[in-house]
Amino acid sequence: MKRAVPLGVAVAVAAAALSIHLVTAGGTTARSGRAAVTHRGGVPSGAVVKARRVALAGRSAVLDVPASAPLLGSLGAVAVPSRDGGELAYNTWRWVKAIDWQQSLGSQGIQTGDVLGTPTLRIRDLRTGSERALEPGTFSAAWRSDGALAYVRGVTPDYLANTAYLRDVVVRASVNASPKVWTTSPGRYVVVGWAKHTLLVAEQNPGGSADLVAFRGPGDSRPLAISADFIAISPSGNAVLVAESYADSAVPAVREISTSDGTELARLPLAQIEDPVARTAVTWIDGPGHWVGNRIVMPASSGLLVLRATPSALAVEQVIHVDSATQPNGRLWEPRFEDASTRTVIAWSDLSGGQSGQSAELACDRYALTCVRGPAVPFAQAPRAIFDESGGE
Amino acid sequence: MRRIFCIAILAALLVPAADAHAATRTFFAFHRYSNTNSYLTINRQDVYTGAILSQQGFRAGSGTTTDECAVGQGWLPAGWYDIVGHFDRYGGSKIQGRAWQLSDKRCYGGTGNLRTELFIHSEETSDNGQFCPTPYDDPFCWEGDYDYYSNGCIKLAHAQPYPSDIAKADNDWDAWDGRSGYFTAYSTLFVS
């Protein structure tokens with residue numbers, strides 16, 4: 001009898017495992033594993049911008065100026081749609097001269113303090129096709145549900161070589177309203193999104209990671225998370241997900257934080273998230289990710305990570321290993337669920353080897369564990385996702 | 001062998017760029033292997049012959065990922081850098097002590113993001129000491145190999161036996177180049 005009980009349990013576990021395997025093999029649930037990547041000419045694109053070409057909500061348009069955000073980089077979306085879909089705020093950049101970036105700036109006669117370039121946000125009315133530029137020195141935008149627009153504005157219009165580019169956070173009640181400064185002093189701010197009527201901003205530290213700061217209005221701010229990379233805001237706007245890194249902590253974790261008071265709602269150490277192929281814990285998690293329902297997809301050292309969040313817990317739903325994403329310069333950027341079913345994730349990646357300098361879109365079926373890679377395009381035309389991380393009304 | 005070959009190429013490349021009035025010049029070479037186990041050399045070179053007169057190498061780290069375009073996370077992008085400042089007692093909020101500030105760099109060979117405010121540094125206080133108030137990862141305390149991870153800069157150890165690697169590199173710089181504060185040392189770091 002003593003042996004029969006464990007035997008019965010073992011049979012039950014085996015049966016359960018077999019049934020799970022059959023279900024997943026049928027392609028109706030998500031499981032962790034290696035995604036097989038195939039190449040195809042066309043990929044089901046999400047909302048993307050490729051330099052001047054925009055595809056959004058079934059419509060296409062050609063922007064007046066190529067979308068580009070070298071200073072914002074991987075910290076936010078290059079193009080951000082308003083909540084009603086009528087307008088698109090997008091980042092642009094103008095270099096003052098051609099630069100050979102393999103060489104040093106000084107060897108090309110560029111000294112510390114010389115103007116390198118100018119960021120400028122532009123607003124396109126998607127209904128009329130008209131465009132206008134905001135102030136020079138502006139970048140990084142997010143729309144509030146009532147049409148208010150938040151962004152950052154440099155203390156100088158131009159970015160100066162080898163210097164800190166300090167900027168203020170400004171908010172317009174509408175695109176046509178005058179900008180109001182919300183920061184009490186300029187800093188290295190990047191707008192990450194609205195959580196209801198609270199504006200979340202990442203404050204970068206020179207040589208260090210960023211802190212997440214919440215603004216309720218002009219001069220009214222408080223820290224939400226120290227040394228934490230922003231990942232996503234919940235659809236309700238009640239919570240934000242951030243990730244710590246090994247650069248700042250020996251035991252980094254993904255953290256779910258209340259946007260109202262900064263309380264930690266849940267915590268999941270990276271050491272508990274296993275790459276299903278390498279059989280080791282993931283070494284980094286980054287944003288921006290995408291939060292739909294209670295699922296969040298984000299880039300990770302394995303490729304992609306999907307978590308499930310509740311108001312009090314975080315759990316791993318799926319770890320997808322994409323071989324190319326584990327190689328230098330191969331990570332996946334800006335993953336987005338294609339729709340509310342959360343079955344398909346669309347991301348993009350830079351290519352290596354003979355296709356170095358080019359990028360491609362990937363559409364990954366989470367149930368089938370397959371990714372279809374689109375055609376390679378020059379990095380300047382990388383298919384960057386159009387999104388706004390903001391959540392809540 | 002590969003490392004020696006790289007240094008030899010660097011030495012040859014540096015000769016035309018060197019200041020004709022100086023007998024030697026000092027430069028760094030950083031070879032990326034992994035985030036926590038790469039290799040940094042500091043070199044003193046004869047500007048006329050290109051010969052490497054002195055060299056010291058250290059284990060070094062950079063970034064938490066190997067994607068050089070990941071702002072605040074990726075390891076240092078490849079290419080040449082100027083050194084635009086050297087400090088023995090830097091007093092930043094996240095970086096303190098002995099540090100070299102690097103020029104800006106656009107990743108992916110010049111097509112990607114602009115990486116700014118990059119440094120070579122360690123985890124130490126502004127007076128080159130250690131501040132280890134907690135059993136966790138303190139920012140100005142070298143606890144171990146995890147400290148080679150960085151937010152994109154190059155990191156050298158401040159670990160026993162002393163002098164530490166950051167101290168040796170600083171001593172070499174002070175003896176061979178000697179500049180401190182803000183200046184521009186053209187093409188003084190090569191990252192491969």
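Analyst: The discussion below begins with the conventions and then turns to individual features. This is a predicted model, in which local features need pLDDT of at least 70 and side-chain atom pairs count only at pLDDT 80 or more, while totals for chains, interfaces and linings use all residues. Residues are numbered from 1 along each chain as its sequence is written, chains are lettered from A and ligands numbered from 1 in the order written, and side-chain values use heavy atoms, without hydrogens and water.

User: Is Asn151(B) buried or exposed?

Analyst: Buried means under 20% relative accessible area, exposed over 50%, and partly exposed in between (1.4 Å probe, protein chains only). Asn151(B) counts as buried because its relative accessibility is 10%. Asn151(B) sits in the loop between strands E8 (118–121) and E9 (154–155) of chain B; strands (E, at least two residues) and helices (H or I, at least four) are DSSP runs numbered from the N terminus.

User: Which residues does Asn151(B) touch?

Analyst: Contact means heavy atoms within 4.5 Å. Not counting residues up to four places away in sequence, Asn151(B) touches residues including Ser209(A), Asp248(A), Gly72(B) and Arg115(B). Its side chain reaches the backbone nitrogen of Ser209(A) at 3.3 Å.

User: What span should helix H2 of chain B have?

Analyst: The expected span is 1.5 Å times one less than the number of residues. For the 12 residues of H2 (165–176) of chain B this gives 16 Å, and the end C-alpha atoms are 16 Å apart, which agrees. Among the buried residues of H2(B) are Ile166(B) and Trp173(B). Gly178(B), which follows H2(B), has a positive phi near 90 degrees.

Methods: Polar contact = N/O pair within 3.5 Å; in protein donor to acceptor, adjacent residues only side chain to side chain.
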